Amino acid sequence: MNIAEQYSKLVMKHFKKPHNYGEIKNADGIGTVGNPVCGDVLKLYIKISKNKKGKEIIKDIKFQTFGCIAAIATSSVITDIVKGKTIEDALKIKKEEIIKKLGGLPPIKVHCSVLAVDGLYEAIYDYYKKSKKEIPFFLEKAHKEILERNKKER
Amino acid sequence: MKRIYLDNAATTKVDPRVLNLMKKFFTDKYGNPNSLHSFGIEAREAIEISREKIANLINANSNEIIFTSGGTESNNLAIKGIAFANKSKGKHIIVSSIEHHCVLETVHWLEKNGFKISFLDVDKYGVVNIEKLKSLIRRDTILVSIMHANNEIGTIEPIKEIGEICKDYNILFHTDAVQSFGKIEIDVKKYNIDLLSASSHKIHGPKGVGCLYIKEGTKIEPILHGGGQEFGIRSGTENVPGIVGFGKAAEICKKEMKNEKRRIEKMRDKLINNILNIENTRLNGHPKIRLPNNVNCSFEFIEGEALIGILNEFGIAASTGSACSSRSLKPSHVLLAIGLSPEIAHGSLRLTLGRFNTEKEIDYVIKKIPEAVEKLRNLSPYKKRW
Ligand SMILES: Cc1ncc(COP(=O)(O)O)c(C=O)c1O
Ligand code: FES
């Protein structure tokens, strides 16, 4: 399989020069997720502050990924998408949006984009938890589902 | 950008000497070797010359060589052909757990059709367990099939010992020599081999042609039925240009093996030594008893497909046993069989050398690999731990 041909130009662009990678030392929330089947791991760090309207926004976001080309590219693109967004809007993100932003993913690599969305949910969940905020029902549910997904097979 | 090809276990460039000889069998000598006119006769002669050259390389007689469409067909023919020819004697077959997919899938198919298969495990270097082999042999065992050298990790199996055991127990012995044929010495007589598979495109010959050595007097059922070509064992009009090219490729291998082996081994060792200088890296396969052209290493904290992706950007063509590059998402069965954890198997890199690689290329590669590894480790969440 030719690696460069299997992926879109945008995927390769993000892979070659990933945006927002690294660690945030005093992060407000950290999400760690792994795909149990392929073994890839993603860690997302977020820093939260308030915008002028007093709404909480994701002021900064960084990622660390142990994974394939698609995992690195989806990690990079999700940081682009949610940086500066309100938490409310960030939680609306779907894997389809990531895939579209990357100009498509090979079918077998769709799960890599799930990893990115899961990572974001987990980071926000972690922030709510750490700051002792009330966790919305849907986020609690998503968190449980993610834990289930992470557990399988490992 | 200049490209460097280090995936010679996947396939090789056709040697210009091979291509040159093949050409006229497309344009002038295009007869069917089964025809009685001069066109047919010259094609027939060319095939027989090739047969002899190939037999020569492994110390066989030329009537023991059957041309096929490649390694996959040879392995299918050997295993299915022996299974069906001997099913009244027994239905038990032993293979190693690190065989190529075309052997594993063949025995899985036989299993569905009433045969019993035992899988022989390997040690941490990928060497089959000889004592265990003896214990797996049963009264109804008809065939042992163990590869000569592994395509992923390059480990060379003790086929001489296996041949002796099979001879003692009066069991047929097949070896998949696709990766070793033409690269290291093979003597079917000395090693007591009954069947041996080889493929042309791994030795700088054309794709789509290979052969099966079948020791004289061995009963085998054909899997392709038709016009009775290849001693009735493999019907179908012969791929004359392919066979001519394969023969030439084998002839060159025989003539140049000694020097080539030394030259390529030197580049291999340079690669290995330099790669192992990178922290948290290991060599997969046997440190000494390995193919002269195979390097297989694992890098902790990074994933193979991503590594291949960066090397590709540097113009270096390599391969991996990582899950992420395969269709199944499971890491290579070979790397798991030698006891690597899925994480480590995930970060594996295979570099395989060939006739056209140069020392200069290797010098470039050993400069670029640490760069690629460093780049990916900088992205990895495990970075802190090393
Ligand atoms: C060990 C081994 N056996 C069999 C094959 C299949 O050979 P071919 O590609 O000629 O069908 C290969 C090639 O990938 C191989 O490495
Ligand atoms: S995250 Fe599993 S293959 Fe990419």
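**Figure 1. Polar contacts of ligand 1 in chain B.** An oxygen atom of ligand 1 lies 2.8 Å from an N or O atom in the side chain of B:Gln179. The model shown here and in the following figures is predicted. B:His201 places a polar side-chain atom 2.9 Å from an oxygen atom of ligand 1. For B:His100, the distance from a side-chain N or O atom to an oxygen atom of ligand 1 is 3.2 Å. Ligand 1 on its own would expose 390 Å², and the protein buries 85% of that area.

**Figure 2. The residue shell around ligand 1.** The shell consists of 14 residues. B:Gly71, B:Thr72, B:Asp176, B:Ser199 and B:Lys202 are the closest of them. Sorted by class, the shell holds nine polar, three nonpolar and two charged residues. Helix H3 of chain B, residues 71-85, contributes the most to this shell, with three residues.

**Figure 3. The three-stranded sheet of chain A.** The strands of this open sheet follow the order S1-S2-S3, and their pairing is antiparallel. Strands S1 (29-34) and S3 (56-66) of chain A are at the edges; each has a single partner strand, so one side of each has no neighbour in the sheet. From one strand to the next, the twist averages 20°.

**Figure 4. Pairing of S1 and S2 in chain A.** Six bridges join S1(A) to strand S2 (residues 41-50) of chain A in the antiparallel sense. A:Gly31 has A:Leu44 of S2(A) as its bridge partner, and A:Gly29 stands opposite A:Ile46 in S2(A). The hairpin formed by S1(A) and S2(A) has six residues between the strands. In this hairpin, A:Gly39 adopts a positive phi near 90°.

**Figure 5. Helices on the chain A sheet.** Helix H3 of chain A (residues 69-82) lies across S2 and S3 of chain A. The direction of this helix is at about 170° to S3(A). Helix H6 of chain A (residues 110-130) also packs on the sheet, where it touches S1, S2 and S3 of chain A. Between the direction of helix H6 and that of S1(A), the angle is about 145°.

**Figure 6. The S9-S10-S12 sheet of chain B.** Three strands of chain B form an open sheet with antiparallel pairing, in the order S9-S10-S12. Its edge strands are S9 (281-283) and S12 (348-352) of chain B, each of which pairs on one side only. The average twist from one strand to the next is 25°. S9(B) and strand S10 (residues 294-299) of chain B are paired antiparallel over three bridges. B:Phe299 in S10(B) is the bridge partner of B:Thr281.

**Figure 7. Helices across the chain B sheet.** Helix H7 of chain B, residues 240-276, lies across S9, S10 and S12 of chain B. Helix H7 runs at about 10° to S10(B). Helix H11 of chain B, residues 359-379, likewise lies across S9, S10 and S12 of chain B. For helix H11, the angle to S10(B) is about 25°.

Terms used:
Residues are numbered from 1 along each chain as its sequence is written. Chains are lettered from A and ligands numbered from 1 in the order in which they are written. This is a predicted model: local features need pLDDT of at least 70, side-chain atom pairs count only at pLDDT 80 or more; totals for chains, interfaces and linings use all residues. Side-chain values use heavy atoms; hydrogens and water are left out. A residue is near a molecule or strand if one of its heavy atoms lies within 4 Å of it. A polar contact is a pair of N or O atoms within 3.5 Å; within protein, one must be able to donate a hydrogen and the other to accept it, and residues adjacent in sequence count only if both atoms are side-chain atoms. Accessible areas come from the Shrake-Rupley method with a 1.4 Å probe; for residues, only the protein chains shown count as cover. Helices (H or I, at least four residues) and strands (E, at least two) are DSSP runs, numbered from the N terminus. Ala, Val, Leu, Ile, Met, Phe, Trp, Tyr, Cys and Pro count as nonpolar, Asp, Glu, Lys and Arg as charged, and the others, Gly among them, as polar. Two strands pair if DSSP finds at least two bridges between them. Axes are lines fitted to C-alpha atoms, for helices over the stretch in contact, and angles run from 0 to 180 degrees between N-to-C directions. Contact means heavy atoms within 4.5 Å.
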